[in-house]
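Please look over this model with me. The points below go from the DNA contacts to the pockets.

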Amino acid sequence: MLEGITKISEVEWEVPVGYVPGMRVPGRFFLSEDLSETLEGGAVQQLANVATLPGVVRYSLAMPDIHSGYGFPIGGVAAFEEDTGVVSPGGVGYDINCGVRLITTPLTIADIKNPRALIEELFRTVPTGVGAESTMRLSEADLDDLMADGVDWAIDHGFGMAADAEHCEEKGQMQQADPAAVSKKARQRGRPQAGTLGSGNHFLEVQAVDAIFDPEAAKAFGLEAGQICCMIHCGSRGLGHQVCTDHLRVLESATRKYGIEIPDRQLACAPVHSPEGEAYFGAMAAAANYAWVNRQVITHQVRTVFARLFGIAYEEMPLVYDVAHNVAKREEHDVDGKRQTLCVHRKGATRAFGPGLTEVPQAYRSIGQPVIIPGSMGSSSYVLRGTATAMARTFGSTCHGAGRVMSRTKAKHATPGREIREELLKQGIIVRATSDASIAEEAPDAYKESDKVVDVVRRAGLSLPVVRLHPVGVIKG
DNA sequence: ATGTGC
């Protein structure tokens, strides 16, 4: 492990105040010895840099999928006081409300007689790839409504069932969304893209439940051994990207205006209640709602394909849950025995609220919030449950996935995509992508093993495994 | 992640 870092437990490490100048609180990250070789010094420096920001509460935190990102590390969690704290686009990332959801089916693996045909049909139906455009024709007014209402907009327009909203984090709608803070350029990019998958690590995967770790929780979540499920991983496409770009520019000058000293210009930020901070937050919330609509419309498409191919009812494919991986939210937390409203940034981290909280849907309240951890291409995904430990230690947060260990560029030259596709097929996993080059960038060995990441959060008690899902086939941009 | 990059 790096010099100057203190071991707290087998899976927790402290970055002390003074590791970089100006730290207001220590950093804490969760990692096992066997993952320590994946740790980048630059990511730890970023974790420490975040601890210098005004109003940061208790710790700058990172999960075991930590790696370096724009300003804040990916895998990072940071909470700020409402009155003295800041909001920062670097703490959310470019892909606002990149997230993942899981839908179940009444089918088992034996019912999928022709997996290739299923994957091809999904690939034909769900627009996929860089610059992919939707078959929906949205007016400017539609886009405004969609950004204000999130998942409810999609349900009201025939892309889902009433129960879907209840099973999304935040009910699939951030109330503070301010569509007026979303630029014309962001709207132009977003309008044709609602209901598209995108590219990179985004995917739509058909999976089978292949291990159950917690039968009671699995039952509550509606998951059974051998069951076929669909996982959708995507974000806010060009709209969220443009919102981040636009507001970064504004916040760079706001940082100077408010006299905030930052060790890295990528930490551009503004006070939570400044006009600039509120404008970013409102636009970010609008982009988050757009991302929820995106996943909801794709859900509708997936249900339609399954209903047609297998003769099952649309209603037989309920949404287990939908989580955000990149978002800032106002949340109430206990801090040193006091109830406080905080601006919690999660960037490549998942909310993992424990049992008993009203934010957790009624059907899951005694269990804890479902946490969905997508695997990298060809590897297992997990469903976990949130815990009281996460509430006490990480502002109710856990890891978000495997975490990259190889750059896209490096991965592109490491192994040809065709080879990866053929190797996965030998393992019985179908990969359908827009190009072999995009498969190469997402090579399984470009990521940490998700099993090891999940094992760290389990040992730390931040979330507990419920089921594991094995890929049957995947479509990718 | 992204109408992909110096």
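**Notes on the DNA site and pockets**

1. A side-chain N or O atom of arginine 408 sits 2.3 Å from a phosphate oxygen of DNA strand B. A polar contact here is a pair of N or O atoms within 3.5 Å; within protein, one must be able to donate a hydrogen and the other to accept it, and residues adjacent in sequence count only if both atoms are side-chain atoms.

2. The model is predicted: local features need pLDDT of at least 70, side-chain atom pairs count only at pLDDT 80 or more, and totals for chains, interfaces and linings use all residues. Residues are numbered from 1 along each chain as its sequence is written, chains are lettered from A and ligands numbered from 1 in the order written, and side-chain values use heavy atoms, without hydrogens and water.

3. Arginine 237 has a polar side-chain atom 2.9 Å from a phosphate oxygen. Histidine 241 has a side-chain N or O atom 3.4 Å from a base oxygen.

4. In total, 17 residues surround DNA strand B (a heavy atom within 4 Å of it). Among the closest are Val130, Gly200 and Arg408.

5. How much space lies in the largest pocket? About 1,200 Å³. A pocket is an open set of points on a 1 Å grid over the protein atoms alone, where a 1.4 Å probe fits, with protein on both sides within 12 Å along at least five of seven lines; lining residues have an atom within 4 Å of a point. The volume is the space filled by probe spheres set on the points, which are joined across faces, edges and corners. Of its 46 lining residues, Asp95, Cys98, Asn201, His202 and Arg408 are closest to the centre.
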